[in-house]
Amino acid sequence: MKTLILGLGNPILSDDGVGNRIAQELGNRISSQDITVEETSMSGLSLLDLLVGYDRAIIVDAIQTTNGKAGQIYRLTPEAFNDTRHASSPHDVNFATALELGHRIGMPMPGQITIYAVEVADTSNFSEKCTPKVRKAIPKCVNMILSELNENH
Amino acid sequence: MASCKATDAVFHVDPPPAGKKLREAFYCAHYIHSHIAHFYALAAPDFVMGPTSDPAQRNILGVISKVGLQIGGEVIKHRAYAQSIQASIAGKATHPVGGVPGGMSKPITEEQRKDFEEKAKSCVEFSKFSLKLFNDVVLSNKDYLNLITGPIYTMKSYYMGMVDSNNKVNFYEGDIRVVDPEGKEVAKFKPAQYLEYIAEHTEPWSYLKFPFLKKVGWKGFVEGKDSGIYRVSPLARLNVADGMATPLAQAEYDKLFKTLGGKPAHATLAFHWARLVELLYASERLLELCKDKEITDPKVRTIPTATPDEGVGIVEAPRGTLIHHYQTDKNGILTKANLIVATAHNYPAMQMSIKKAAQGLIKKTKDVQEGLLNMVEMAFRAYDPCSACATHTLPGQMPLEVVIYNSRGEVIETLSQNLR
């Protein structure tokens, strides 16, 4: 199964880069030719270009929820984001809309998309390091993704 | 690209012709993907689906359902073409790494040039199609044309933009020209002179500054010739220029001003139309550059020899004039930076456009519906602002609240979306 692991984030914006850090760690530990590990700071329609052609995608990103605690890890599916089709930014469409667009126009989108989201604390200050609780979540999330890859291999 | 030009100025170095052409080709490709995304994902839903239509349908998915799935494929294809050209020239489409003081980090091959040329040809055709779609869906609809030219989305201001030596629109290099609300040139300056022409006002309620024309002065949030508020945008660029430097875009430029009643045009919603005229210009210019064999010249960089100190770089970003001003120590390490981005230039005008739309749409005898929120949003979305644009947002939201008061200052109704 041709798999893409995609870490999303801004690597110089503290916890916002947690997806990048997890992707880097996975890139160091995975040697399968069927698995591609990438990082990006892009969003919206640009994500479509990256997802096309894979059977499965695992997306890793930072998340901020109302009552979440820094370092919590959520395993989500795209359906979790279906409640909004409204523009998330005046520049681009949101993730759910981009995915739906890809499906509707017949692009070869991954049949299976899983999202690992790490609850973050600081996405405002410039830093190449995550805050301590988020840093601790990185190896946990890496192991969760490796387990999922092993189970489905 | 502004930072490339600012570092050229800091190091007192001028890129060789192939370096400049590669940068401009990269930048035209950037315009193509940015303008396509803005028009189809953010502007078209209001016109194809209707400004007060069901918000569940008023998005790019609704648009492609109505105009055809094939169009959706063409949108994605041409965005991808443009981004592939950017990545091919400068390593990555977003956060590119090809620009260095004095030029570019690597040349392109003849094979790359041919590939770009084919993609640029396709982009020209897609741009023509997009303008036809705008004509068929928007301009042929009297209600939409009235909405664009009507008072609630009109604002008389100064305009600023870059022009070449023939006063034609240029995104990459030239002088900055300013025209007054009647279209008369009131300033034309080199990038390094920007502080003589632009000052910034502050308000206690915002951390973003409010730029204004220094020689006219800050007179508050008011329109007209006596107010130093100016706008940058695709339409501002067309307003300050004497025309477009490519033939097909020139014909569309003429049509735009003829339809809107002459120059300058003050219709904020016509920013979208101007964006499509620029999409065609960017595609034609990209094609011109890709047909020029000099673009494959291996000499793409002039190695700097002077001691770095200070420099200003200005380009036209898709949403307006972008200024980078750097000071460095003698080793080229940055000691001070000042950036004025398009959203900042437009920030005073955006406040006024929002207020004007809200005041024009809220009537005593009229029920206030959800569509009002979108029609207020349309007033600032036309500026394609960056202020809410985080690096990435999975679920995404754009909070907006309209509070309606009666003449005694009492709240009589509140409409909101996506408030936390």
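Predicted model: local features only at pLDDT ≥ 70, side-chain atom pairs only at ≥ 80, totals over all residues.
Strands here are DSSP runs of E with at least two residues, helices are runs of H or I with at least four, and both are numbered from the N terminus; two strands pair if DSSP finds at least two bridges between them. Strand β10 (residues 320–328) of chain B pairs with β11(B) in the antiparallel sense over six bridges, and Gln327(B) has Lys336(B) in β11(B) as its bridge partner.

Residues are numbered from 1 along each chain as its sequence is written, while chains are lettered from A and ligands numbered from 1 in the order in which they are written. Local features need pLDDT of at least 70 and side-chain atom pairs count only at pLDDT 80 or more, whereas totals for chains, interfaces and linings use all residues.

Attention now turns to the cores. A nonpolar core is a set of buried Ala, Val, Leu, Ile, Met, Phe, Trp, Tyr and Cys residues joined through C-beta atoms within 7 Å. A residue is buried if 20 or more other C-beta atoms lie within 10 Å of its own, exposed if 12 or fewer, and partly exposed in between, with C-beta atoms placed from the backbone. The largest such core has 135 residues, and Ala25(B), Ile32(B), Val277(B) and Leu286(B) have the most contacts inside it. Helix α2 (residues 17–49) of chain B gives the largest share, 19 residues. Leaving aside residues up to four places away in sequence, Ile32(B) touches His78(B), Ala82(B), Cys123(B), Leu279(B), Ala282(B), Ser283(B) and Leu286(B); contact means C-beta atoms within 7 Å. A second, separate core of 28 residues includes Ile5(A), Tyr54(A), Ala57(A) and Ile63(A).

Helix α13 (residues 371–381) of chain B is mostly covered, with nine of its eleven residues buried. Among them are Leu372(B), Val376(B) and Phe380(B). The cover over the buried residues of α13(B) includes α2, α12 (347–361), β12 (400–405) and β13 (411–417) of chain B.

How values were computed:
Contact = placed C-beta atoms within 7 Å.
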